[in-house]
Amino acid sequence: MDKLVINDLTFRYKNSGPDIIKDLDFTLQLGTFNVLYGPSGCGKSTLMKIIAGLYPEFSGHVTSGKMYIDSEDVDDWNTQDFSKHVAFLFQNPNDQFSMTTVKREFIFTLENLGLPIEQIEETIDRSLERVGILNFKDRKLDTLSGGELQKVSLAITLAMNSDLIMLDEPFACIDIKSRKQLLELLKDLQENDHKTILITDHDLMGYQGIVDDLYHFDDGQVQPVLKPAEVFATYQKENRQLLFDKPGDTVESIIDLHELNLQNGAKSLINSASVDVFKGKMILLTGENGTGKSTLFSALTRLHDYRGSIKYLKKDILKYNQRKYARYVGLIFQDSQMQYLKLTVEDEIKLSLKHTNYPDFWTDDVVEDYLKQLNLAHLKDHVVYQLSGGQKKKLQIFEMLILGDPVLLMDEPLAGLDLHSTKTVMKLIKTVASEQELTVLMISHQLGGLQDFFDYHLQLKNQCLTYTEVLNYESIS
């Protein structure tokens, strides 16, 4: 029996605009585990939102086609009908939350689904425990890391108890250890709870031996991958062991941490860390979700309290004028939408060019060339908030590189990027950082495509910051 059947579907955002999905036929068999991958911006998230009933209800136009869930024609379904059959986890967890705490978010969701009030508490506990985050129940959502928010989103998705579970880039900000655990959970839901699973993902590590069907999305069409083992082997190769130099005594530092202590509420994150960030170097920062990586970035930009000493060019950062210091150490937010100040792609770029530290470098020709490399040149007049997740990331990185702050802190800038886009972005970052002598400190859980781009690797583990020379997918999972 088929769980989902789509026949001859065509979708566009504007009546006069191009077709994003063209004459698409797509079927999911009942109780199967399915993965959909494809280039950033190709329309994967759009397809997921159509299946979840969000489109064309809230955006866009279906110009042809039919869709059936459990053999029922969905033409006359409302959003509540869809929510009874389909649970959907958004690519950006912040788009999913309406309340202030984890528990209140659960209650809000379950009450809207009509779950009897006497069953809500038990459902919350069971769902959180299954994801391994029962201790998150009373946490405020704004105190959780991006990866922790994704776990909460997954727990709420499970609590909805729908037979079709769809997850849009669910592991983009998840550490490798948690990724493996959550994949095992989803497989268990498929095999023992008889759920049908559909995941979009750019990183295909860990799926071999788990998925029933792998699909590729491009040019508005979904095609089954006939030889998935070859595709998985490509990602296995890209996630090979990464090797780094060991910082020498003669390398000049630009940021010095001395006896740094960081906390999130009562939770200790970093304990008496003394470590340098080296001038003009590319440094990869890794660590499990919730260990304090993003909080460290907040401290480095004076957005979070700390104990100990942080110095920029040997001077305590608290002694700098706040506005001037913001031009020395720039932060690329994990949520790209928080970075934008203008409405369109072109206006965002113009704003960065107005304030760049390197006006002679960023000529019109250079800007246009990089936009073409990033596949953004045709999107100049687009509203930034209507870009795909990967396109938002590429624009965010590009405009921050244009600004040219001496130190760039990048918080999960590769989330939502396919392997080709990751390599393109990393080449851009490496080139511009070298040309402008920038220091880059980047958080990433994604390892594929990163070989040969970083000088050093800084690991946050057991409340300690340590430079290590080897990073292996298996060793940190």
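The views below show a predicted model, in which local features need pLDDT of at least 70, side-chain atom pairs count only at pLDDT 80 or more, and totals for chains, interfaces and linings use all residues. Residues are numbered from 1 along each chain as its sequence is written, and side-chain values use heavy atoms, with hydrogens and water left out.

**View 1. Asn-375 sits in the loop between α11 (364-373) and α12.** Helices (H or I, at least four residues) and strands (E, at least two) are DSSP runs, numbered from the N terminus. Phi of Asn-375 is near 60 degrees. That is a positive value in a residue other than glycine.

**View 2. Six strands form an open sheet.** The order is β17-β18-β19-β14-β20-β21, and the pairing is mixed. Two strands pair if DSSP finds at least two bridges between them. β17 (329-332) and β21 (464-468) stand at the edges. Each has a single partner strand, so one side of each is left without a neighbour in the sheet. From one strand to the next, the twist averages 20 degrees. Helix α12 (residues 389-403) lies across β17 and β18 (407-411). This helix runs at about 175 degrees to β17. Axes are lines fitted to C-alpha atoms, for helices over the stretch in contact, and angles run from 0 to 180 degrees between N-to-C directions.

**View 3. β20 and β21 form a hairpin.** Two residues lie between the strands. Asn-462, in the turn, has a positive phi of about 55 degrees. Strand β20 (residues 456-461) pairs with β21 in the antiparallel sense over five bridges. Lys-461 stands opposite Cys-464 in β21. His-457 has Thr-468 of β21 as its bridge partner.

**View 4. Four strands make an open sheet with antiparallel pairing.** The order is β13-β12-β15-β16. At the edges stand β13 (267-278) and β16 (315-316). Each has a single partner strand, so one side of each is left without a neighbour in the sheet. Eight bridges join strand β12 (residues 253-264) to β13, and the two run antiparallel. Leu-262 has Ile-270 in β13 as its bridge partner. Helix α8 (residues 293-300) packs on the sheet and touches β12, β13 and β15 (307-312). The direction of α8 makes about 120 degrees with that of β12.

**View 5. The largest nonpolar core holds 45 residues.** Such a core is a set of buried Ala, Val, Leu, Ile, Met, Phe, Trp, Tyr and Cys residues joined through side-chain atoms within 4.5 Å. Phe-33, Phe-106, Val-152, Leu-154, Leu-186, Leu-204 and Tyr-207 touch the most other members. Elements that each supply at least two residues include β3 (33-37), α3 (102-112), α4 (117-131) and α5 (146-159). α5 gives the most, with seven residues. A second, separate core of 43 residues includes Leu-403, Leu-414, Ala-433 and Met-442. In soluble globular proteins, nonpolar side chains tend to be buried together.

View 6. Contact means heavy atoms within 4.5 Å.

**View 7. The axes of α5 and α6 come within 12 Å.** They cross at roughly 5 degrees. α5 and α6 are therefore roughly parallel to each other (angles under 35 degrees). Lys-151, Leu-154 and Leu-158 in α5 meet Ser-178, Leu-182, Leu-185, Leu-186 and Leu-189 in α6. By class, this contact has six nonpolar, one polar and one charged residues. Ala, Val, Leu, Ile, Met, Phe, Trp, Tyr, Cys and Pro count as nonpolar, Asp, Glu, Lys and Arg as charged, and the others, Gly among them, as polar.

**View 8. A cis peptide bond joins Tyr-55 and Pro-56.** Omega is about 5 degrees. Pro-56 is in the loop between α1 (44-51) and β4 (61-69).

**View 9. Asp-8 is found in strand β1 (residues 2-12).** Phi of Asp-8 is near 55 degrees, a positive value in a residue other than glycine. Asp-8 counts as partly exposed, at 38% relative accessibility.

**View 10. Asn-15 lies in the loop between β1 and β2 (19-29).** Asn-15 is exposed, with a relative accessible area of 55%. Asn-15 and Thr-63 are 48 residues apart in sequence. In space they are 8.8 Å apart, C-alpha to C-alpha.

Note on methods. Buried < 20%, exposed > 50% of the residue type's maximum accessible area, 1.4 Å probe, protein only. Parallel < 35°, antiparallel > 145°, perpendicular 65-115°, else oblique.
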